[in-house]
Amino acid sequence: MSPMSPMPDPNSPPRPPERPLSSDAAPDLTVSLASAASNDEDEVAKLPRPVTRLASPRERGLITVDRGNQYAPMRAEELEALPAGQQKPVLIALAVAIAVTLVGLVFNLGWLGIVGSLVALLLSVQVVWEDLYAAFREMLSARQQVLAIALVGLSVGLVGLVRFSPLGTWMSAWAAQLDWDAVGALGEVFGAIGQILIAVIAVYVAWRQYVISKDLTIQQNLITQQQTIDSYFQGISELVLDSEGLLEDWPQERAIAAGRTAAILSSVDAGGKAKVIRFLSRSRLLTPLKRDRLLGRAILDGAGGYEEDRTFGVRVIDLGVMLAGANLAGTDLRWTDLSDANLIRANLSDCDLVKANFSRTILCEASLAGADLQSTRFFYGSAKTATPRSRTHPPDYATGAYTGAVIEDADFTNATRMSEELRWYCCAWGGEKTRATIPGGCEGIPNLLDASR
């Protein structure tokens with residue numbers, strides 16, 4: 001059944017006509033008090049009739065403004081754009097007050113000038129007060145407004161307390177008894193002290209600026225050094241690898257790689273040197289690799305790497321004397337391959353040398369004080385049969401003969417986790433100066449270095 005309107009009751013009194021909505025009234029300006037619909041005619045008849053009215057000007061955000069002889073609704077933000085005619089009374093009164101004040105000033109009429117000045121002041125304050133207050137609220141938060149007023153009240157309260165209490169009388173009497181010449185001399189003393197303090201503060205500020213500038217310079221140098229090292233890593237990788245990622249190091253490429261390495265090691269600090277050494281060691285560029293006897297290419301070991309050949313192998317990069325006298329103190333050199341390198345007078349104190357390889361390395365007068373020597377290799381074979389490297393005899397990696405490091409006059413003071421075999425080798429082939437620095441002493445271990453001479 002389609003919805004039907006209820007039939008009007010003929011006996012009911014006539015209803016007053018509802019106020020029609022204007023054609024320009026917006027839908028959102030109406031307020032619906034009740035609305036319902038039903039398919040059942042009886043239920044529709046029982047429901048209250050919906051009544052629709054216009055929203056009041058206040059509900060629509062409107063206010064009533066006098067426009068001549070007619071009152072019309074107007075939004076609050078439109079008040080700022082009122083016609084100039086409604087502002088004329090205030091402007092005329094202000095202009096008259098200004099004119100009266102000027103007349104009083106010109107003709108030296110005090111009473112007239114005072115009256116005009118007061119009227120002009122009151123009218124001007126009335127005009128600018130809202131803008132000043134709005135600017136005050138915009139510049140300061142609610143808390144800052146309260147704080148500003150409280151500070152003014154504190155100042156006024158202190159002045160009033162001093163002025164109207166016995167404290168003000170006492171302060172006046174005390175000030176009258178002062179010797180102002182002495183006060184002036186004391187002021188000069190305090191002025192001199194203030195100048196000295198200003199000079200001290202200036203020196204402190206200059207020193208802090210120097211410290212900050214120095215720290216920034218150090219940080220910038222570290223960033224530049226890291227960028228240089230990254231470029232070196234990239235350049236070496238592109239130099240010794242072919243397009244398929246296999247090692248391809250022709251003699252000239254090995255020479256260029258060695259030159260780049262020598263340049264980078266001489267231009268970076270201890271931490272930078274350690275990064276380069278770790279990169280080259282883990283990349284097996286410092287390890288002697290087995291080569292074929294025709295083209296000199298590295299031979300794969302069948303396990304995903306290249307076969308090592310300590311006796312006849314060729315390194316991609318031979319460190320040689322690049323690290324002679326180098327400062328590597330306090331760096332991380334774990335699992336690095338420094339075999340056959342010349343580290344004479346190098347500073348390796350407090351280094352982490354776990355699993356490092358120093359076989360056939362020249363460590364004469366080197367400092368290993370405080371270094372961690374756990375599982376560090378100084379020779380191959382047994383400590384009883386191992387001997388330092390020789391210029392005339394080839395190394396025997398089975399027995400250890402001529403595979404050991406040259407450690408004469410090396411310093412092992414406070415070296416940690418040194419194995420018994422390594423201690424025996426260092427005592428036997430280190431000489432008297434080295435034996436005096438071995439942790440645990442060398443009692444019962446012969447001095448083979450002096451005996452071999």
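Gln145 belongs to helix α4, which spans residues 142-164; helices here are DSSP runs of H or I with at least four residues, numbered from the N terminus. The model is predicted, so local features need pLDDT of at least 70 and side-chain atom pairs count only at pLDDT 80 or more, while totals for chains, interfaces and linings use all residues. Residues are numbered from 1 along each chain as its sequence is written, and side-chain values use heavy atoms, with hydrogens and water left out.

Gln145 counts as buried because its relative accessibility is 16%, buried meaning under 20% relative accessible area with a 1.4 Å probe, protein chains only. A polar atom of the Gln145 side chain lies 3.0 Å from the backbone oxygen of Leu140. Neighbours within four places in sequence aside, Gln145 is in contact (heavy atoms within 4.5 Å) with Phe136, Arg137 and Leu140.

The largest nonpolar core has 63 residues, of which Leu373, Phe378 and Phe412 touch the most other members. Such a core is a set of buried Ala, Val, Leu, Ile, Met, Phe, Trp, Tyr and Cys residues joined through side-chain atoms within 4.5 Å.

Leaving aside neighbours within four places in sequence, Phe412 is in contact with residues including Leu368, Leu373, Phe378, Cys426 and Pro439.

Definitions and conventions. Helices (H or I, at least four residues) and strands (E, at least two) are DSSP runs, numbered from the N terminus. Buried means under 20% relative accessible area, exposed over 50%, partly exposed in between (1.4 Å probe, protein chains only). A polar contact is a pair of N or O atoms within 3.5 Å; within protein, one must be able to donate a hydrogen and the other to accept it, and residues adjacent in sequence count only if both atoms are side-chain atoms.
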